[in-house]
Amino acid sequence: MNQLAGWALLGLACLAGCASRSEVIPVSLGVKPSQSVTKTQSVSDVRVVVINFEDGRADRSRLGTRHSVWGADHAFQVKNGNPGQVTAQALADYLTRKGWRVTYAGNGADQEAAVVVSGKILDLSVNSTSGLGFTDVVAKTKLVIQAKNKMDGSAITDTVNQAGTYSVFWFEAEDGEDILSDVLEKSFEKFADHTKFDGNAIRFR
C-alpha cells in the first residue's frame with residue numbers, strides 16, 4: 001500500500017467514525033445583560049410573578065442539532081434546567097432589568113402578586129451547519145406569553161417570535177448560547193413593548 005492510499009484510508013476511517021458519533025452539546029440558556037436593557041428607573045410598583053412556561057414543541061428532547069463538517073450530528077440540550085424553567089427565569093430577569101417589579105415563582109404563584117405571567121413555548125431552537133472554514137448558526141423562538149390580572153380576572157395573550165443567524169469561522173458552544181440569548185431577548189422586548197401598566201393591571205398598549 002503506498003503512502004497516498006494509506007492517507008486516503010485513514011481519512012475515510014475518520015469520516016466514518018465521526019459520522020457515526022452522536023454527542024450532546026450543553027447550552028446554558030438565558031438572556032445575557034446588554035446595555036439596551038440596563039435598568040434606569042422603576043416602570044411600576046405593581047407586583048408581578050413569572051411561572052414556568054409549558055413546553056409545547058413537537059420535539060422536546062433537544063434544542064436543535066449541530067451538523068459538523070464530517071457528517072456527525074450533535075444535539076443541543078439545555079444545561080441549566082428544562083426549557084420551560086429557564087425561559088421563565090430569563091423573562092423574569094429581563095423584565096427586572098427593564099424596571100418591572102418581578103419575581104420568578106417556578107411552579108407556584110405569589111398570592112400577593114397583582115399579575116401572574118405564564119406562557120407556552122412553540123419554538124425554541126438553535127441549529128448549526130459546518131463546512132470547511134465556516135459554521136452557520138440559526139436560532140428561532142416563538143412564545144405565547146399570557147399575563148393574568150388578579151384585580152378583575154382579565155388576561156392578555158401575546159404571541160412573539162424572533163429569528164437570528166450568523167456565521168463563525170470556528171464553532172464553539174458559546175456561539176449557540178449567544179445567538180439564542182439574543183433572539184430570546186428580542187422576543188421579550190416585543191412583549192414589553194406591546195404592554196403597559198394600568199393601575200394594578202397590565203394591558204395592551
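At 23% relative accessibility, Arg 203 counts as partly exposed, a label for values between buried (under 20% relative accessible area) and exposed (over 50%), using a 1.4 Å probe and protein chains only. Arg 203 forms a salt bridge with Asp 198, with 3.9 Å between the closest N and O atoms; a salt bridge here is a side-chain nitrogen of Lys or Arg within 4 Å of a carboxyl oxygen of Asp or Glu. Shared partners then join Asp 152, Asp 198 and Arg 203 into one network.

This is a predicted model, where local features need pLDDT of at least 70, side-chain atom pairs count only at pLDDT 80 or more, and totals for chains, interfaces and linings use all residues. Residues are numbered from 1 along each chain as its sequence is written, and side-chain values use heavy atoms, leaving out hydrogens and water.

The salt-bridge count comes to five. One of them pairs Glu 112 with Arg 47 at 3.1 Å, N to O. That pair links distant parts of the chain, 65 residues apart: Glu 112 sits in the loop between β6 (101-106) and β7 (115-131), Arg 47 in strand β2 (47-51). Helices (H or I, at least four residues) and strands (E, at least two) are DSSP runs, numbered from the N terminus. Glu 112 is exposed at 62%, while Arg 47 is partly exposed at 25%.

Now for helix α3 (173-194): Lys 186 and Asp 182 both lie there, four residues apart, about one turn of the helix. Their side chains meet in a salt bridge at 2.9 Å, N to O.
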